[in-house]
Amino acid sequence: MASGGLPYFDPEYESLSIRINPPRVSVDNESCGECTLVKVDSVNKPGILLEVVQILADLDLIITKAYISSDGGWFMDVFHVTDQQGNKITDNLTIEYIEKALGPKGHTSDERKTWPAKRVGVHSMGDYTAIELVGRDRPGLLSEISAVIANLQFNVSAAEVWTHNRKTACVVYLTNNTTSRAMDDPARLSAMEEKLKNILRVCGDDDKVAHTKFSMGLTHVDRRLHQMLFAEMDYEGKGLTAEADCASFLELKISVDRCLEKGYSVVTVRCRDRPKLMFDIVCTLTDMKYVVFHATITSDRPYATQEYYVRYVDGSPVNTEGEEERVIRCLEAAILRRASEGLSLELCAKDRVGLLSEVTRVLRENGLSVSRAGVTTVGEQAVNVFYVRDASGNPVDMKTIERLRKEIGQTMMLNVKKAPLSSKAPQARNKTIFSLGSLLERFLP
């Protein structure tokens, strides 16, 4: 291995090292008047930064500052966090969960899986069948996918859909309508897979851009969606006008510089701050096989600056202009995947087979295209969140929203949030955050 790279970790030695030197986690509400400090000291290991950031992101916490150092055998980081409303973390259940998930037991147990609504498919769902779909995006695609699922009498317990640069990726969790459990009939699954592939194909036998995959068990959805779109190289080529407008609004600037004396590459991201920004960046750097040795994250609302000192897994910095450009494009794509602009529609109704198909059909018939969606079920209540724009990628006419209210308002609760992209003044934008976790808390007992 090249000098300066992350050392190889033998799994048994790593487990022993963690037992001898267990992670030390503290949640400090005294040192700072405006936020909670989460401090983690641990034996260093591959992927540990992503693991920590992922847990904080699952809890819908806002990271306002962070300091990371893992140059050597020890990992030390401090996160300044608040809840969605900008307050300190004072809920004892949340604090206890952080301490357990990031502490010694978090590495060896399934404790974190019991936290409700933070991982799709966990809360009040039992067994389920998970489907991953990747294809070229087009207006009405989600409606066609959900219609196939409904016709085969599967119930959608949860789903996440992202689109970026004419690509779409979604993870859907299904149950058998009669048993409310996972489907174990290979013939029915095979039939559904073939129908979904036919929908995803855009021309002839274009299998290269149409994929379906079945799996059983839990998936961290945000991480998986990043991986799926990254594998489809959604960072290549020019994006849609709406995505370009979104990047312009975010004032997104990414640079890669060289720190020759230390052998690092310095990746700097400056843009308007938003939830899970750090997770999206760290996730992509990890998937690109870069190791973060040091990092500083600051947020001076509404802007954030994140600086990462990285090397490739073999210990080398970013050496070529081509690779620097690739890092910039990939990070830009990762940030824009979650930064969908348009109107946010929240729909709540009693869950039933075909509900998602009905809702997406109504959206399609009213000329709306879904750029991002989150679907979940809490008990008998279905909660659907859609980011929409018109089929041409333009802001939605509010007359269309009024038609939607009249058409579905009798059977569902509809809440419209977030100003259209055409409203350029920052003060005109609704600051409500897209967060299934915070949304579901309204329905949790």
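Is Lys 289 buried, exposed or partly exposed? Lys 289 is partly exposed, because its relative accessible area is 46%. Buried means under 20% relative accessible area, exposed means over 50%, and partly exposed lies in between (1.4 Å probe, protein chains only).

A word on the model comes next. This is a predicted model, in which local features need pLDDT of at least 70, side-chain atom pairs count only at pLDDT 80 or more, and totals for chains, interfaces and linings use all residues. Residues are numbered from 1 along each chain as its sequence is written, and side-chain values use heavy atoms, with hydrogens and water left out.

Back to Lys 289. This residue lies in the loop between helix 8 (277–287) and strand 11 (290–300). Helices (H or I, at least four residues) and strands (E, at least two) are DSSP runs, numbered from the N terminus. The phi of Lys 289 is near 70°, a positive value in a residue other than glycine. Most residues other than glycine have a negative phi.

Now follow strand 11 to Ser 299. Ser 299 counts as buried because its relative accessible area is 18%. Its side chain is joined to that of Asp 273 by a polar contact of 2.7 Å. A polar contact is a pair of N or O atoms within 3.5 Å; within protein, one must be able to donate a hydrogen and the other to accept it, and residues adjacent in sequence count only if both atoms are side-chain atoms.

Helix 2 (residues 48–58) is mostly covered. Eleven of its eleven residues are buried. Among them are Ile 48, Glu 51 and Asp 58. Just after helix 2, Asp 60 takes a positive phi of about 60°. Asp 60 sits in the loop between helix 2 and strand 3 (62–69). Asp 60 is buried because its relative accessibility is 7%.

The axes of helix 4 (residues 141–151) and helix 10 (residues 355–365) come within 8 Å and cross at roughly 150°. That makes helix 4 roughly antiparallel to helix 10, a term for angles over 145 degrees. Axes are lines fitted to C-alpha atoms, for helices over the stretch in contact, and angles run from 0 to 180 degrees between N-to-C directions. Which residues meet here? Leu 142 and Ala 150 are among those in helix 4, and Leu 356 and Arg 364 are among those in helix 10. By class, this contact has four nonpolar, four polar and three charged residues. Contact means heavy atoms within 4.5 Å.

How values were computed:
Angles under 35 degrees count as roughly parallel, over 145 as roughly antiparallel, 65 to 115 as roughly perpendicular and the rest as oblique. Ala, Val, Leu, Ile, Met, Phe, Trp, Tyr, Cys and Pro count as nonpolar, Asp, Glu, Lys and Arg as charged, and the others, Gly among them, as polar.
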